[in-house]
Amino acid sequence: GLDQVDPVKHAQLVDAAVEAAHEIMTLMGPGLFNGDAAVKALLENSHVKKMLFAVSRLPVFSDEMAITFKEDLIVLGMLKQIKYFHALPMSSFAIALARLSEARLGGGTTGKPYNAFVDIVIASPNSKERLDGLCENGLNLNEKIRAEYKNNADHLEQADPHAVYPTSIFRQCNGNTCATPDASIIEAVMSTSITTTIRIEHGVLNPENRLLYHVYKPLGRAVAIIDSKVEKYFGADLDHYFSTNGIDLQKLVYGGDEADKDIDNVEKILVDLKSSGVARNEPVLVVGGGVIADIGGFACALYHRNTPYVMLCTSIVSGIDAGPSPRTCCDGYGYKNLYGAYHPPVLTLTDRQFFRTLHPGWLRHGIAEIIKMACVKDYSLFCLLEDVGIKLVTDKFGVMGDETDPELARKCDLIIGKAMEGYVRSEYGNLWETHQCRPHAFGHTWSPGYELPAGMLHGHAVATCMGYGAYLSYLEGWISK
C-alpha cells in the first residue's frame, strides 16, 4: 500500500529537493545546458530522487497531506502533480518542479527564476515524452539510478496504479467488493477523489503571466470554448497571449445567454471537441460567464465521460459560483438545469479585469450571489459588502474609476475570495448532492420555476427568492425582524 504522511520527514525531503533543484535549474542559459541534460541532472540528484520516490508513494489527496502543507497551497498543488512524475511528459515534470521550488523558496507567480529552464526543456524533442520512458531509454541515466526508477515504478504498479497509469492526474478512485462464495450476491462500495485549484489572479492574459502557459505550452495548443461576448471584447487579448507564448489557440465560440443554455448547444460543443481531436486527458479552456461555464463544463463531463477543463471566469457569477462549481448543466423543457453532471474544473481563475465590460444589471446579478453566501456563511463578508457598497457597481469591483485605490482593490478581491470560499466549502463537501443540507441553495427554492418564464437574470431571480423566503421565515417566527 501507500506510505503514511510524516509531516516532519516529508517536509524536510521537499526542502532538500528544492534546494538541490534550484542549483540545477538556475544554471540554465545560452550554451550552458540543454533540456535533456538538465532533467537528467535533476533525476540523478539524490535529494530530488528521494523526494520523487517518497511523494509518489503518498496519498496526496488525503487530509493528512493537506494538513502537512496547508501553509503553502502552491506547494501542495504541485506535490499532487509530482506524485505522477513517472507518467508526466518531461515538460510538465519540469514545470511542476520549477513551480514547487519557486513556491517553497518564496518566489512570485510568474516563475521568472526558472523560465529559462522551463523553456529549454519545452524546446527539447523529448518534451512530450513520458518521463518513465525517458528514464528507461532516452536520457542515458546512470545504470544503477535507472534501475531505481524502474523498481519504484514496479512497486507503484501494485501499490497505486494511479501513479503510473493515470487516465487523469486530477482524479483517483477506490472500491471495496464483497461476494458470496458462489458470487450470487455482491455488495460493493465505490469512491472517487477529485482535486482542483481555484485562484484569484490579476492579469491572467498578460503574456508574462505563466499560469495558462504552464497548462498549454507542453501541449502545444489550447482548444478553447469561448462566450461570443468575451470573444468580442477580449478575443484580441486571448490571441495576443497565446501567440506571444507560441501556443496555437483554437477557438470554439458559442452564445452565452440563457437562451443558449440548451442541450442542442451542448451537443454542438461535443461535435466540435471531437472534430478538434481533443484527447481525454487534454484540458479544454472554457472562457466566459455562468452559461458558458455550465454548458462547457457539461460538454467536458460527457466527452470521453470525463475530460478535464480550465475555467477562466469573466463574470461575477462564474467567478464565485458557476465557475468553480462541480454542477455543470443545461436547461430543458422550460426548467432550469434539467440536465447535468458533477464535473468541476481542474483549475479556476477569476480576474476582476474582465468585469469592466459588465453593465450594471449583470453586476447586480452577480452581487446577489455574493449576498447569498454572506447571508448563509460569512457575516464578515456581509460587512465588507456594506463597507464597499455602491462602488461595486459604479467602479465595477475596482477596475473602473480610481484604479489607483489599492485598498478598494484589496477589499474587492477579498469579497470575491470570501464568497468563493464559502461557496466551495458548502459545495465540495457535498459534491454529488447526496444530502439536502445545502446552504448555498438559499434563494433557489421557487426561483427555478419562474426565472426562465419571467426572463430574469439568475441572480435577480435568486434575490427575489431570498427576500420571499426570508419574509416567510419571519412570518413563521423562525427569524427576527
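I take helices (H or I, at least four residues) and strands (E, at least two) as DSSP runs, numbered from the N terminus. The model I consulted is predicted, so that local features need pLDDT of at least 70 and side-chain atom pairs count only at pLDDT 80 or more, while totals for chains, interfaces and linings use all residues. Residues are numbered from 1 along each chain as its sequence is written, and side-chain values use heavy atoms, with hydrogens and water left out.

**Entry 1: Phe-397**

I looked up Phe-397 and found it in the loop between α17 (391–394) and α18. I use "buried" for under 20% relative accessible area, "exposed" for over 50% and "partly exposed" for values in between (1.4 Å probe, protein chains only). Phe-397 counts as buried because its relative accessibility is 0%. Contact means heavy atoms within 4.5 Å. Not counting residues up to four places away in sequence, Phe-397 touches Ile-316, Arg-352, Phe-355, Leu-363, Ile-367, Ile-370, Lys-391, Leu-392, Cys-412, Ile-415 and Ile-416. I also noted its separation from Ser-228: 169 residues in sequence and 23 Å in space, C-alpha to C-alpha.

**Entry 2: Asp-413**

I next examined Asp-413, which lies in helix α18 (residues 406–428). Asp-413 counts as buried because its relative accessibility is 16%. With neighbours within four places in sequence left aside, I list Ile-200, His-202 and Arg-352 as the contacts of Asp-413.

**Entry 3: His-214**

I found His-214 in helix α10 (residues 211–216). His-214 is buried, as its relative accessible area is 11%. Residues up to four places away in sequence not being counted, His-214 touches Ile-95 and Arg-99. I recorded a C-alpha separation of 8.7 Å between His-214 and Ala-96, which are 118 residues apart along the chain.

I define a nonpolar core as a set of buried Ala, Val, Leu, Ile, Met, Phe, Trp, Tyr and Cys residues joined through side-chain atoms within 4.5 Å. The largest such core has 78 residues, of which Leu-43, Met-51, Leu-100, Leu-212 and Phe-242 touch the most other members. Helix α6 (residues 90–104) gives the most to this core, with 9 residues. For Leu-212, I set aside neighbours within four places in sequence and found contacts with Val-204, Leu-205, Lys-217, Tyr-241, Phe-242, Leu-285, Val-310, Leu-312 and Leu-349.

I then turned to helix α3 (residues 46–56), which is mostly covered, with 8 of its 11 residues buried. The buried residues of α3 are Val-48, Lys-49, Met-51, Leu-52, Phe-53, Ala-54, Val-55 and Ser-56. They pack against α1 (7–25), α2 (35–44), α5 (73–82), α6 and α9 (143–159).

**Entry 4: the second largest pocket**

On a 1 Å grid over the protein atoms alone, a cavity is a set of points where a 1.4 Å probe fits but cannot get out; a pocket is an open set with protein on both sides within 12 Å along at least five of seven lines, and lining residues have an atom within 4 Å of a point. Grid points are joined across faces, edges and corners, and a volume is the space filled by probe spheres set on the points.

I noted a volume of about 1000 Å³ for the second largest pocket. Its lining comprises 49 residues, and Gly-290, Val-291, Asp-294, Val-317 and His-458 lie nearest its centre. The elements that each supply at least two lining residues include α11 (228–244), α13 (290–302), β8 (327–332) and β9 (335–342). The largest share, 7 residues, comes from β9.

I count Ala, Val, Leu, Ile, Met, Phe, Trp, Tyr, Cys and Pro as nonpolar, Asp, Glu, Lys and Arg as charged, and the others, Gly among them, as polar. The lining of this pocket divides into 19 nonpolar, 16 polar and 14 charged residues.

**Entry 5: cavities**

I found 2 cavities of 30 Å³ or more. The largest cavity has a volume of about 60 Å³. Residues lining the largest cavity include Ser-168, Phe-170, Arg-171, Asn-306 and His-343. Its lining divides into 5 nonpolar, 4 polar and 1 charged.

**Entry 6: positive phi**

I checked Tyr-333, a residue other than glycine with a positive phi near 55°. Tyr-333 is placed in the loop between β8 and β9, and counts as exposed because its relative accessibility is 71%.
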